[in-house]
Amino acid sequence: MKQEQLEQLLLKMSVKEKVGQLTQFAGAFYMKHDDGTPVTGRIEFPVEDDMLDVSGSVLGIAGFEKVKAIQENHLHRSRLGIPLLFMADVINGFQTIFPIPLGLGATWEPSLIEKLQAVASKEASSAGLHVSFAPMADLVRDPRWGRVMESTGEDPYLNERFAAATVSGLQGRSETISNDHIGACVKHFAAYGLSEGGRDYNTVDLSERELREMHMPAYKAALQAGAKLVMTAFNTVNGMPASGNAPLLRGMLRDELDFEGVVISDFDAVEELVAHGVAENESVAAQKALQAGVDIDMMSLSYARSLSSLVEQNLIDASLLDEAVLRVLELKNELGLFEDPYRGMSVTNEQAVLNAAEHRKLACEVAEKSMVLLKNQNVLPLERNRSIALVGPYADNPDLLGEWSIFGNMEETKTLKDRLPDARYAQGSALYHREETLLLEALDVMAQADVIVLALGEGRDRSGEARSRASITLAPCQIELLKKAHETGKPVVVTLFNARPIDLTDVEPYADAILECWHPGSEGAQAVVNVLFGKTNPSGKLTMSFPRATGQIPVYYNAYKTGRPLPEGSEERFYSRYIDIPNEPLYPFGFGLSYAAFTYSNRRISQSELNPSSTLIVSVDVTNTSLVAGEEVVQLYIQDVVGEVVRPVKELKGFEKISLLPNETKTVSFEIDSEMLRYHHSDLSYASDPGLFHVWMDGSSVCEDEGKLTFTFHTS
Ligand code: BGC
């Protein structure tokens, strides 16, 4: 449709029809006559049927048959024949499930993320979806928060790269969104990742400078990559819930970032303005949300019940309603829904696309690349001829798909036991509680083997939304099992299946090797086996620090400089330190081992002076000194030695993943320009300062200090 036709359509719409476009109801509402599926969540009653007839979008339902039936029925009843939009959370895959986003981050391969999101998009569109609520671009620093699994970690630059790659994968890179792609909705705007104490839905309070410096880059990158929608966050930003926050939505998002797409609230977030105590009732909540810039109300029904009368009473400017509706119509138009409300969907295509062999192959490859080898004392890779005891509550557990795998199929997911049929197996323990008989069985099995592979972790029931934990250790029964394994004197390999950084202080001393496998997806078990036996050499690197203790949280690599930095090795008191544990996390950002060994040498800089119009090149030679081929993520960190405001101890500014054959050396170079040195000053201007800078290139955020390079930046 042409823009004029959309505007014509808008003119024909009644207020109620307009309000309908701004509502999103769960799929179950539309299904109620057919199968009586109950509505989930806090919404206890469905809206009246005529509101459903004019509604604009549907949440969380997919599949050719269901979508076709709902759309057909809707078009039949809709006076103006405006098709419904179908949206859902396709986070790490639709039916072929990839690792959770925190694992995807560990690949340090944005191009791979784009590729798998294109697969997710293809599958989702074949099943009738039009929009995914991804990427979650929230920067995270608190592993108590169950939703860290949905993020790619603690670094603004990496998050930026991954958010953009996700959008490009979901939407494709062409001008229009083709039928085998869907729209991307970046969330949760803004700074949801900072929920206080890691408790979900909790307050966020941060300075505007910090918001712009650390949190905005990834949302911005998603918008620059063309994300069609933005979802508001549950939390407050500068004292006002995001869904009622005009400076955030109209000011920053629309005026400053020029966002012209659709803003959707998070689930029930409009109505929650009442619980937040910034609206007396649902009607005021609806008024404030629309005025602040929320176009679609996801599931709270506040718009459905109040907007019409607010417009009639002139409590809302009708033009605000029109603008929001037009944006929704434009999105439907961009997706081609007016020409073909089914977007070429067919049952044959759906069957051919879902779970296709090449998708599963990619899922295995990505899972292998997401795994992070945290420790290895000459145990891995496993030798084929050794007998293995496969023990632990995750050894025969198909819960490998992660919390958001709503369209995945856990029942058909192969477990480690399925993929290691020759190993002797014992469960050893339930996930969270001890069972004596299981433990005894495991002791027996472990006694008969040469090497013990323990599969430990926490399930999807302990991660994701509304699953904050005050303590992030493994369950005591699992630690007990590990200690028993250690007591056998046999090598113990711990494979970990979890969706947040875990405090591994009680695990590390008893394990000879630790492989972080995350919730690795549909092909996760095969991927673990491939890594354990060295068919694939692990190359993942952490994108979120693993703390030593819950009391150390938040701990992240790009912390600001304090006035009392602890000198290395110092035991003295009056420094910024804990008296009972070191400052450093157990496993830092950027860290991950390989079966190969890499040395960094010959670090050099093309010149020691930089100005705004020049660039300089830093280079390092990386050599594989081992007998196996491997991949290494070479990381570039910069420190601004003196800033106008306090600056981080270091910041990631570039990275490159290289593969090296045994004895091979490659030179990796990075270009540095003044743009990379810019940051938000106290007056919020974004500029770079003259002065000294330090540069590191290394395989982790803990860098060899001898390898440090320096240059001076001159602004005139
Ligand atoms: C979550 C969002 C999600 C939405 C729809 C909410 O509870 O916070 O991330 O997209 O539900 O499923």
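Predicted model: local features only at pLDDT ≥ 70, side-chain atom pairs only at ≥ 80, totals over all residues.
Residues are numbered from 1 along each chain as its sequence is written, and side-chain values use heavy atoms, with hydrogens and water left out.

Start with the domains. The assignment gives domain 1 (3–350), domain 2 (357–552) and domain 3 (598–715). These bounds come from an automatic or database domain assignment. Take domain 1 and domain 3. Their C-alpha centres lie 37 Å apart. Domain 1 brings 13 residues to the contact and domain 3 brings 18 residues. Contact here means heavy atoms within 4.5 Å.

How much area do domain 1 and domain 3 bury between them? The figure is about 1200 Å², with 63% of it on carbon and sulfur atoms. Buried area is the accessible area (1.4 Å probe) that two parts lose on being put together, summed over both. On the domain 1 side, three residues stand out: Trp-108, Arg-209 and Glu-213 supply 51% of the area that domain 1 buries against domain 3, more than any other three residues.

Polar links also cross this interface. Domain 1 and domain 3 share 2 salt bridges. A salt bridge is a side-chain nitrogen of Lys or Arg within 4 Å of a carboxyl oxygen of Asp or Glu. The count of residue pairs in polar contact between the two domains is 4, both residues being at pLDDT 80 or more. A polar contact is a pair of N or O atoms within 3.5 Å; within protein, one must be able to donate a hydrogen and the other to accept it, and residues adjacent in sequence count only if both atoms are side-chain atoms. Two helices, H8 (156–171) and H9 (208–224), each supply at least two residues of the side of domain 1 that touches domain 3. H9 gives the most to that side, with 5 residues. Helices (H or I, at least four residues) and strands (E, at least two) are DSSP runs, numbered from the N terminus.

Now the salt bridges of the whole structure. The search finds 38 of them. One pairs Asp-322 with Lys-18, the closest N and O atoms being 2.9 Å apart. Asp-322 lies in helix H14 (residues 318–334) and Lys-18 in helix H2 (residues 15–21), so the pair ties together parts that are 304 residues apart in sequence. Which of these two is buried? Lys-18 is, at 12% relative accessibility. Asp-322 is partly exposed, with a relative accessible area of 23%. Buried means under 20% relative accessible area, exposed over 50%, and partly exposed in between (1.4 Å probe, protein chains only).

Another salt bridge joins Arg-144 and Asp-142, with the closest N and O atoms 2.7 Å apart. Arg-144 and Asp-142 are both buried. Next comes Arg-500 with Glu-458, where the closest N and O atoms are 2.5 Å apart. This pair links distant parts of the chain, 42 residues apart. Arg-500 sits in the loop between strand S15 (492–497) and strand S16 (513–516). Glu-458 sits in the loop between strand S14 (451–457) and helix H19 (476–487). Arg-500 counts as buried at 0% relative accessibility, and Glu-458 is buried at 2%. Elsewhere, salt bridges that share partners join Glu-109, Glu-365, Lys-369 and Lys-657 into one network. Within it, the side chains of Lys-657 and Glu-109 meet at 2.9 Å, N to O.

Turn to single residues. Ser-370 lies in helix H16 (residues 357–370). Ser-370 is buried, at 0% relative accessibility. Its side chain reaches the backbone oxygen of Ala-367 at 2.8 Å. Leaving aside neighbours within four places in sequence, Ser-370 is in contact with Pro-99, Gly-103, Leu-104, Ala-106, Thr-107 and Trp-518.

Asp-205 lies in the loop between strand S5 (183–189) and H9. Asp-205 is exposed, with a relative accessible area of 59%. Asp-205 and Arg-144 are 61 residues apart in sequence and 18 Å apart in space, C-alpha to C-alpha.

Last, the cysteines. The whole structure holds 0 disulfides. A disulfide is a pair of cysteine sulfur atoms within 2.5 Å. Cys-185 is buried at 0% relative accessibility, and Cys-703 is buried at 14%.
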